[in-house]
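Please work through each task before reading its solution.

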Amino acid sequence: MSTLITNIAELMTQDLEHRVLKDAAVVVEGERISWIGAAADAPAADDAVDLGGRAVLPGWVDSHTHLLFAGDRTAEFEARMAGESYAAGGIAVTMNATRATSDFDLTRLALGRVDEAVSQGTTYLETKTGYGLDVEHETRSARIASTVADQVTFLGAHLVPVGQDPEEYTELVCGPMLAAVRPFVQWADVFCEEGAFTAEQSRRVLLACRHAGLGLRVHGNQLGEGPGVQLAVELDAASVDHVNYLAAGDLDALVGTWTGWDASSGTGRRGTVATCLPACDLSTRQPLAPARALLDAGVQVALASNCNPGTSYTSSMAFCVATAVLQMRLSVHEAVRAATYGGALALHKDTGNDADGERAVGSIAVGHRADLHVLSAPSATHLAYRPGMPLTYAVWRAGKQAR
């Protein structure tokens, strides 16, 4: 079954050529894109959809979320807005609520959050464990997460539970907990920050996870300059997320990871993506991550929602894009690219086509997965020009219309 999607005013492909096509069309066949080009040249298809002069871009790729949780932390948010500083300890509140919630309800809550994200144009997303923080509940979170998200990250090293010895807990994460969650996860992450895990503890966790065959990510440099970025670079992590506070050496280290990458062909050795989380920065009143400086220096950047109950309870990637344009000085094209191709790069899903069967996401190209986000506007510029407006008109996810 093939579908011609036509009368597209602007098609922002975010492919390697950075094409923006006018008066365009796309043909979707099964879960793949089989043709793109000028609407006047479109081939015949089994079905046709006329978009009436709307814009199309790739579905958002949200590479950093925490969707497996229960409970409410509005009191913490109100206190922070009243002037209290953010500290990592609030995670324990969510841990207690999550542990007390049934499998059925935890799944239902997570699926509801995925539905919210898809309704706003997100078509591919990662989520993390990290609110169980013992072997039983981390394993349960990983198992449930594997049924609701596209990729799952093990974050047993989110916080040391109250009353536990940090060294003993680190050993638990590296041993029995890692072994139990391994069948359900593709990545490992660690909160390398004051009040969470030290650089030495973080390194032990990441090395154990790498030995188990997991890809690596790092929560780093969120609350101040620290070892997170340098650790991510040292261990060849796929991404380091937050990056609010960067010393000159941190920026240079990130730049160095991309010297073997050819951005024009999407080939070579991937470096460490700097994932910026602007909704979280606003909620915690941290300085916005220096996305402009990162891009100018040659670092690949992703934007993600960091949807979580404590510091960023939103899955709106459009909000993140608008913030990146209006306050972080990215162009619309750069911000959309960071929220699509950048997220795919951070998740190692930027490549794949008909030949290998591993379909790329985050860009619109023949052979890639048919993830399309249609706006109720003639161009993607409206995402920042009309911030906060509900501009999602339709969504195709893996070739099926999801909205």
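**Exercise 1.** Determine the handedness of the crossing of α11 and α12, and describe the geometry and composition of their contact.

*Solution.* Step 1: α11 passes α12 in a right-handed crossing, the near helix being turned clockwise from the far one by less than a right angle. Helices here are DSSP runs (H or I, at least four residues), numbered from the N terminus. The model is a predicted one, in which local features need pLDDT of at least 70, side-chain atom pairs count only at pLDDT 80 or more, and totals for chains, interfaces and linings use all residues. Residues are numbered from 1 along each chain as its sequence is written, and side-chain values use heavy atoms, with hydrogens and water left out.

Step 1: The axes of α11 (residues 317-326) and α12 come within 9 Å and cross at roughly 140°; axes are lines fitted to C-alpha atoms over the stretch in contact, with angles from 0 to 180 degrees between N-to-C directions.

Step 2: Met317, Val321, Ala324 and Val325 of α11 make the contact (heavy atoms within 4.5 Å) with Val332, Ala335, Val336 and Ala339 of α12. By class, these residues comprise eight nonpolar, no polar and no charged (Ala, Val, Leu, Ile, Met, Phe, Trp, Tyr, Cys and Pro are nonpolar; Asp, Glu, Lys and Arg are charged; the others, Gly among them, are polar).

**Exercise 2.** State how many residues of α12 are buried, and identify them.

*Solution.* Step 1: In α12 (residues 332-339), six of the eight residues are buried (under 20% relative accessible area, 1.4 Å probe, protein chains only).

Step 1: The buried residues are Val332, Ala335, Val336, Arg337, Ala338 and Ala339.

**Exercise 3.** Identify the residues of the largest nonpolar core that touch the most other members.

*Solution.* Step 1: A nonpolar core is a set of buried Ala, Val, Leu, Ile, Met, Phe, Trp, Tyr and Cys residues joined through side-chain atoms within 4.5 Å.

Step 1: Among the 91 residues of the largest core, Val243, Cys276 and Leu294 touch the most other members.

Technical notes: Buried means under 20% relative accessible area, exposed over 50%, partly exposed in between (1.4 Å probe, protein chains only). Helices (H or I, at least four residues) and strands (E, at least two) are DSSP runs, numbered from the N terminus.
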